[in-house]
Amino acid sequence: MTRPMGMDATRFEPYGLSAFTFERSAESGEIDDLRASGCHTHLELEVHFVETGAITLDCAGREERLTQGDVLAFWGGLPHRDVDPAPPTTVYYVAQVPIVNVLAWVGSPEVLDSLLGGQLLRSTTPSCEMAAESFVFRRWTSHLATPDDRLRKAVELEIHARLLRLLSETAPARGELAHGPGTATAQVVARAIQFVTRHFVEEITIEDVARAVDRHHDYLMASFRRVCGLTLWEYVTRLRLSEAQRLLAGTDLPILAVCHRAGFTATSRMYEAFHRYHGQTPATYRRSLTQRAS
């Protein structure tokens, strides 16, 4: 099912590695349909699991109904929201992992390209595995609420493993994947996201992206901001910043090498991005991770 979207209300929200538990219950006999909350975008791959009840994912105007036991993975770079929880109570879990991490460990570029283009990967958990699935998602939520980086790394590895199983479960049924986003504008933006996410570590320009999607750069920039809630170049910067954070946390590379590998054309641009979004330098960010782990 496809519905028109209020894309002007789209907001960008930085999450990072995260997990949440949601319980939607009816009050006074009615349950909030959540449509007033508007759509949001982010730089993470998102995985949903419905424990009880049902919830609808509205992704760029296309609606996908999830019921008990359903697991769904999709790219959060397109505007989306959860709507129409089923009464009397719906309990579902959401886990998110930065796309730069996914790019580093997913072994199927073709499937990843599908996700970046707005496709949905879906499977249903067998009834005999429901309790275990619920336990894992609840544990992710609990562990990511702690400052323990060892637990955070364990969660990322477990999400990786769950996604690989999901890819294995859904890859043979490629014809059952959801169609792309519901509007022509959203489809152009999805193609731009595909290109940018694959090439953000290179010296790309707005004109490069516009050529890749066969649109004028003014049209692309206006459409991107309206659909995603931020400018195309800010999107590129946030991807590069996320990659720099990953390298600072997981490698011993010097700052200059991190800068170039993350796609920044100058260290000053990387320092500017860290100050803008984190209020600290890359070196201070790395030291804070070391201190937290000790």
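Me: Which residue stands opposite Asp82 in S8?
Reply: That's Leu57. Keep in mind that this is a predicted model.

Me: OK, and how do the two strands there pair, parallel or antiparallel?
Reply: Antiparallel: strand S5, residues 54-59, pairs with S8 over 4 bridges.

Me: Are the faces of S8 covered or open?
Reply: Both are covered. S8 spans residues 80-83, with His80 and Asp82 buried on one side and Arg81 and Val83 buried on the other. In a regular strand, side chains alternate between the two faces of the sheet.

Me: Switching topic. How many disulfides do I have to set up?
Reply: A search of the whole structure turns up 0 disulfides.

Me: Is Cys59 buried or exposed? And what about Cys128?
Reply: Cys59 has 7% relative accessibility, so it counts as buried. Cys128 is at 70%, so that one counts as exposed.

Me: Now rings. How many aromatic pairs are there?
Reply: The structure holds 8 aromatic pairs. One of them is Phe20 with Phe22, a tilted pair with 6.1 Å centre to centre and 40° between the planes.

Me: How accessible are Phe20 and Phe22?
Reply: Phe20 is at 30% relative accessibility and counts as partly exposed. Phe22, at 24%, also counts as partly exposed.

Me: And what's the geometry of Phe224 and Tyr235?
Reply: Their ring centres are 5.1 Å apart and the planes sit at 75°, so the pair is edge-to-face. Phe224 is in helix H7 (residues 217-228) and Tyr235 is in helix H8 (residues 232-250), so the pair ties together parts 11 residues apart in sequence.

Me: Are those two buried or exposed?
Reply: Phe224 and Tyr235 are both buried.

Me: Which residues do ring pairs link into a cluster?
Reply: Phe49, Tyr93, Phe137 and Trp140.

Me: Zooming out, how many helices and strands does the chain have?
Reply: It has 11 helices and 10 strands. Of its 294 residues, 50% are buried.

Me: What share of the contacts join residues at least 24 apart?
Reply: 75%, counting contacts between residues at least 6 apart in sequence.

Me: Last one: what does the accessible surface of the chain come to?
Reply: About 13500 Å², and 51% of that belongs to carbon and sulfur atoms.

Key. Residues numbered from 1 in each chain as written. Predicted model: local features only at pLDDT ≥ 70, side-chain atom pairs only at ≥ 80, totals over all residues. Heavy atoms only, no water. Buried < 20%, exposed > 50% of the residue type's maximum accessible area, 1.4 Å probe, protein only. Pairing = 2+ DSSP bridges. Disulfide = S-S within 2.5 Å. Contact = heavy atoms within 4.5 Å. Areas by Shrake-Rupley, 256 points an atom, 1.4 Å probe, with all protein chains shown as cover. Phe/Tyr/Trp six-rings, centres within 6.5 Å; stacked < 30°, edge-to-face > 60°.
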